[in-house]
Amino acid sequence: MRTMTKDEYDQEEHGVLWWIGRGILLTLVIGTFGILLWRLLSARVPKEMSTLTPNDALAAAYQTAGESGKELSVFWNDLDTITRADHCRGYFACPRALFIEDCDQVQLIFRYNNSTIRHLAEDYSLPELPDRTEELYDVTLLIAYDLTPDIESDNESNDPACVKYVRVQPTSHTGMEKSLYNYRRFVFDGVDMSDPAILYVFMDVYYVNDVHYDEGEAYGALPVYDYLQKREPYRLSGADKTALSEWSGE
């Protein structure tokens, strides 16, 4: 029986180590990819939250549009969906904000993950971590109106003689928790987006125990409408149409 030489032994050992290293590398790559895919899928808006929330005003507008042989007029803006300010970077997101012109209504999805709740506890020195099912945040719309439409250069001004801000409270909201993320869907009535004076619409977020609308900036703020952006049409999904056609009133 022939005995392997030292060179042959070293080559075989090198080959085994190479395969082991390759296996470890592939495991790390696949594991990393799996984690990223899981987080991506976890961040997808659940079906229950992505469907329009019907109410009397929206159902009536949908019926009227159908009787006229038209589609319900709904649009959205393609804007950044996550807060970027240093004090709330990555805390809050608005993956969808829909403006329903036929009934002067806005519906938006508010999302935050579990780490945001940990940041909340740190930012406010809370004695314990709040439960994720609690209603932790006050969410409103802040609408900027142009008071001097003939002067475009002052549209970014905070001068009350140039730009007026109006806050809108939600009519209703629903919520759910899924994996890493927490979702709330808000309905705001009485927002007439046909008004050419509207410059911007912001989603403002406050901690429910620290709401101070007129004192400094919000805990988190995100633009959901910009008059300079194209109004992208939104087509109702089958689930949207079913929910609206089956609405029987509040």
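Strand E5 (163-168), strand E8 (198-207) and strand E9 (220-226) each contribute at least two residues to the lining of the largest pocket; helices (H or I, at least four residues) and strands (E, at least two) are DSSP runs, numbered from the N terminus. The structure is a predicted model, in which local features need pLDDT of at least 70 and side-chain atom pairs count only at pLDDT 80 or more, whereas totals for chains, interfaces and linings use all residues. Residues are numbered from 1 along each chain as its sequence is written, and side-chain values use heavy atoms, with hydrogens and water left out.

The volume of the largest pocket is about 550 Å³. Of its 25 lining residues, Leu142, Tyr165, Phe202, Asp204 and Glu217 are the closest to the centre. E8 provides the largest share of this lining, 4 residues. A pocket is defined on a 1 Å grid over the protein atoms alone as an open set of points where a 1.4 Å probe fits, with protein on both sides within 12 Å along at least five of seven lines; lining residues have an atom within 4 Å of a point. Grid points are joined across faces, edges and corners, and a volume is the space filled by probe spheres set on the points. The lining of the largest pocket comprises 14 nonpolar, 5 polar and 6 charged residues (nonpolar: Ala, Val, Leu, Ile, Met, Phe, Trp, Tyr, Cys and Pro; charged: Asp, Glu, Lys and Arg; polar: the others, Gly among them).

For the second largest pocket, the volume is about 180 Å³. Its lining consists of 14 residues, with Asn77, Cys94, Pro95, Arg96 and Ala97 nearest the centre. Two or more lining residues come from each of E2 and E9, and E2 gives the most, with 5 residues. The classes represented are 9 nonpolar, 2 polar and 3 charged residues.

Helix H3 (residues 56-67) has 12 residues and spans 16 Å from its first C-alpha to its last, close to the expected 16 Å, a value given by 1.5 Å times one less than the number of residues. Within H3, Leu58, Ala59, Ala61 and Ala65 are buried (under 20% relative accessible area, 1.4 Å probe, protein chains only). These residues lie on the same side of H3 because they cover an arc of only 160° around the axis, taken from the directions from the helix axis to the C-beta atoms. Strand E2 (93-100), strand E3 (105-113) and helix H5 (238-245) are among the elements that cover the buried residues of H3.

Definitions and conventions: Buried means under 20% relative accessible area, exposed over 50%, partly exposed in between (1.4 Å probe, protein chains only). Contact means heavy atoms within 4.5 Å.
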